[in-house]
Amino acid sequence: MSKKIIYIDMDDTLCDYASAHQLALKLYPEIQFPQSKPGFFHDLLPITGGIEAMRQLLASQHYDPFILTAPSVMNPLCYTEKRTWVETHLGMDYVHRLIISPRKDLLKGDFLIDDYNEGKGQELFTGKVLRFCNGQVFLERF
Ligand SMILES: [Mg+2]
């Protein structure tokens with residue numbers, strides 16, 4: 001039996017974007033988009049349990065995992081920093097499995113784990129969307 005292709009989102013699924021963004025807004029009130037500061041994406045903290053879950057998925061006989069993240073297109077640094085974050089926290093195996101796409105529905109696969117179910121093509125993804133919320137995964141669509 002072939003492995004199931006599973007995509008995992010980055011921001012607020014693998015890394016804690018929301019907390020860092022709230023902090024940056026307080027620290028730099030004069031900056032409209034503090035998430036565009038150099039280092040913002042690279043310095044995001046991993047969400048509890050995410051790194052271990054990704055290791056287990058990679059070792060699994062049943063799943064073929066890939067990271068699928070939409071870029072902040074106005075921030076050219078985010079493309080590089082998403083790549084360096086993955087190398088730092090997950091290693092080169094996952095760098096080879098990193099897909100940066102503004103349209104998640106263009107990728108073929110069985111599952112997508114994401115904290116949003118729409119906005120970047122999630123609503124048109126042909127596999128099952130598994131909603132990530134408060135550290136847990138929920139079945140969003142059959
Ligand atoms: Mg997200």
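A disulfide here is a pair of cysteine sulfur atoms within 2.5 Å. These legends describe a predicted model, in which local features need pLDDT of at least 70, side-chain atom pairs count only at pLDDT 80 or more, and totals for chains, interfaces and linings use all residues. Residues are numbered from 1 along each chain as its sequence is written, and side-chain values use heavy atoms, with hydrogens and water left out.

View 1. Searching the whole structure turns up 0 disulfides. Take Cys15: its nearest cysteine sulfur belongs to Cys78 and sits 11 Å away, and Cys15 is in no disulfide. Cys133 is in no disulfide either, with the sulfur of Cys15 as its nearest, 16 Å off. For burial, we call a residue buried under 20% relative accessible area, exposed over 50% and partly exposed in between (1.4 Å probe, protein chains only). Cys15 comes out at 1% relative accessibility and so counts as buried, while Cys133, at 36%, counts as partly exposed.

View 2. Donors are N, O and S atoms within 2.8 Å of the metal (3.2 Å for Na, K and Ca); water is not among the atoms, so sites may look incomplete. On the protein side, the magnesium ion has Asp9 (OD), Asp11 (O) and Asp115 (OD) as donors, at 2.1 to 2.2 Å. Along the sequence these donor residues follow the spacing D-x1-D-x103-D. Asp9 sits in the loop between strand E1 (4-8) and helix H1 (17-27), and Asp115 in the loop between strand E4 (111-114) and strand E5 (128-133), so this pair ties together parts that are 106 residues apart in sequence. As for the names, helices (H or I, at least four residues) and strands (E, at least two) are DSSP runs, numbered from the N terminus. Asp9 is buried at 5% relative accessibility, and Asp115 is buried too, at 14%.

View 3. A salt bridge is a side-chain nitrogen of Lys or Arg within 4 Å of a carboxyl oxygen of Asp or Glu, and the whole structure has 6 of them. Lys82 is in helix H3 and Asp11 in the loop between E1 and H1, so the pair ties together parts 71 residues apart in sequence. Buried or exposed, these two partners? Both Lys82 and Asp11 are buried.

View 4. The side chains of Lys104 and Asp114 meet in a salt bridge, 2.6 Å from N to O. Lys104 lies in the loop between strand E3 (98-100) and E4, and Asp114 in strand E4; the pair links distant parts of the chain, 10 residues apart. Lys104 is buried at 2% relative accessible area, as is Asp114 at 1%. Salt bridges that share partners join Asp9, Lys104 and Asp114 into one network, and Asp9 is also one of the magnesium donors.

**View 5. Asp105 with Arg103.** Here the closest N and O atoms of the salt bridge between Asp105 and Arg103 are 2.8 Å apart. Asp105 is buried, with 14% relative accessible area, whereas Arg103 is partly exposed at 38%.

**View 6. The two sides of helix H1.** Tyr17, His21 and Ala24 are the buried residues of H1. Looking down the axis of H1, these buried residues fall within an arc of 65°, so they line one face of the helix. That arc is taken from the directions from the helix axis to the C-beta atoms. Lys26 and Leu27 are exposed on the other side of H1. The C-alpha atoms of Ala20 and Asp43 are 8.7 Å apart, with the two residues 23 apart along the chain.

View 7. Asp12 is found in the loop between E1 and H1. Its phi is near 65°, a positive value in a residue other than glycine.
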